[in-house]
Amino acid sequence: MLNKQGFNLWAQDYEQTVQQIEEKNSYPFAGYKEILNTVYNEVKEKENGSILDIGFGTGVLSKRLYDEGYSIAGIDFSDEMIRLAEKKMPNAQLVEWDISKGFPPELTERTFDFIVSTYALHHLTDEGKAEFIQELMKRLNPGGKILIGDIAFATRKELEACRLDNLHHWDEDEFYFVFDEFQESIKELSKSDFYPISHCGGVIVIQK
């Protein structure tokens, strides 16, 4: 798992690296564009909404929505990623923060129509994900949605199959979504659905 310094070093080449892996239909970024498009299309169901993007990186997704008039706030722990994203979205509220520490104090007074996260929450443990989702639910407006596009599998069996196919570069320090287990961990909070996109990724929708 990359630390903050690693993501800072990766920032300039991030989009190109992801594209190269996606074009090979390979773990971990197979289906990347379709996953982002699925999240984008969910958000577009509500015009001019407010969005919190967790782990926005270089702003690939949030920039599209920013340009269409959505109010954007974001959290990322890489100051270099933030620097690149700020150039694209000068009026967005972008906060440097490590989500393993919970929710950033700078945003506790705000609520959002959508909270989106792409390829970020797998850095939290399974228990940490459930706790963080509980915190995020407090930040949603009525009828709001949490949209998670990430490395994700319907079952543990599917995750294990992918791991065995990618042993030479599987990241054992990351905690990928297993939807049936994740769904059980948040069942008291809300209804959730999973939309598989590729052999190693999909979109989880959590409705308030």
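User: In this predicted model, is Glu 42 buried or exposed?

Analyst: Buried means under 20% relative accessible area, and Glu 42, with a relative accessible area of 16%, is therefore buried in this predicted model.

User: With which residue does Glu 42 form a salt bridge, and how far apart are the closest N and O atoms?

Analyst: The general idea is that a side-chain nitrogen of Lys or Arg must lie within 4 Å of a carboxyl oxygen of Asp or Glu. Here the partner of Glu 42 is Lys 145, and the closest N and O atoms are 2.9 Å apart. The pair links distant parts of the chain, since Lys 145 belongs to strand 5 (residues 140-153) and Glu 42 to helix 3, 103 residues apart. Lys 145 is buried as well, with a relative accessible area of 13%.

User: Why can residues three or four places apart point the same way in an α-helix?

Analyst: An α-helix has 3.6 residues a turn, so residues at such a spacing point the same way. 

User: Which residues of helix 3 are buried, and where do they lie around the axis?

Analyst: The buried residues of helix 3 are Tyr 32, Ile 35, Leu 36, Val 39, Tyr 40, Glu 42 and Val 43. They cover an arc of only 160° around the axis, and therefore lie on the same side of helix 3. As to length, helix 3 (residues 32-43) has 12 residues and reaches 17 Å from its first C-alpha to its last, close to the 16 Å expected at 1.5 Å a residue.

User: Which parts of the chain does the salt bridge between Glu 181 and Arg 156 link?

Analyst: The side chains of Glu 181 and Arg 156 meet at 2.6 Å, N to O, and this pair too links distant parts of the chain, with Glu 181 in helix 8 (residues 179-185) and Arg 156 in helix 7 (residues 156-165), 25 residues apart. Glu 181 is partly exposed, with a relative accessible area of 35%, and Arg 156 is also partly exposed, at 33%.

User: Turning to the strands, do strand 2 and strand 3 run parallel or antiparallel, and how many bridges join them?

Analyst: Strand 2 (residues 71-76) and strand 3 (residues 93-96) run parallel and are joined by four bridges. The chain passes from strand 2 through helix 5 (residues 79-88) to strand 3, and this β-α-β crossover is right-handed. Within the pairing, Asp 76 stands opposite Glu 96 in strand 3.

User: In which sense do strand 7 and strand 8 pair, and how many residues lie between them?

Analyst: Strand 7 (residues 191-198) and strand 8 (residues 201-207) pair in the antiparallel sense over seven bridges, and they form a hairpin with two residues between them. The bridge partner of Pro 196 is Gly 202, in strand 8.

User: What is the phi of Asn 48 and of Tyr 119, and is each buried or exposed?

Analyst: Asn 48 has a positive phi of about 55° although it is not a glycine; Asn 48 is found in the loop between helix 3 and strand 1 (50-54) and counts as exposed at 55% relative accessibility. Tyr 119, likewise not a glycine, has a positive phi of about 55°. Tyr 119 lies in the loop between strand 4 (112-118) and helix 6 (126-137), and at 7% relative accessibility Tyr 119 counts as buried.

User: Where does UniProt place the methyltransferase domain?

Analyst: The UniProt record, an unreviewed entry, places the feature "domain: Methyltransferase" at residues 51-144. Over residues 51-144 the chain is 32% helix and 28% strand, and the end C-alpha atoms are 10 Å apart.

Key: Residues are numbered from 1 along each chain as its sequence is written. This is a predicted model: local features need pLDDT of at least 70, side-chain atom pairs count only at pLDDT 80 or more; totals for chains, interfaces and linings use all residues. Side-chain values use heavy atoms; hydrogens and water are left out. UniProt positions are given in the numbering used here, feature names are shortened, and annotations may be inferred rather than shown by experiment. Two strands pair if DSSP finds at least two bridges between them. A crossover is right-handed if, with the strands pointing away from the viewer, the path from the first strand over the helix to the second runs clockwise. The expected span of a helix is 1.5 Å times one less than its number of residues. Buried means under 20% relative accessible area, exposed over 50%, partly exposed in between (1.4 Å probe, protein chains only). The arc is that of the directions from the helix axis to the C-beta atoms.
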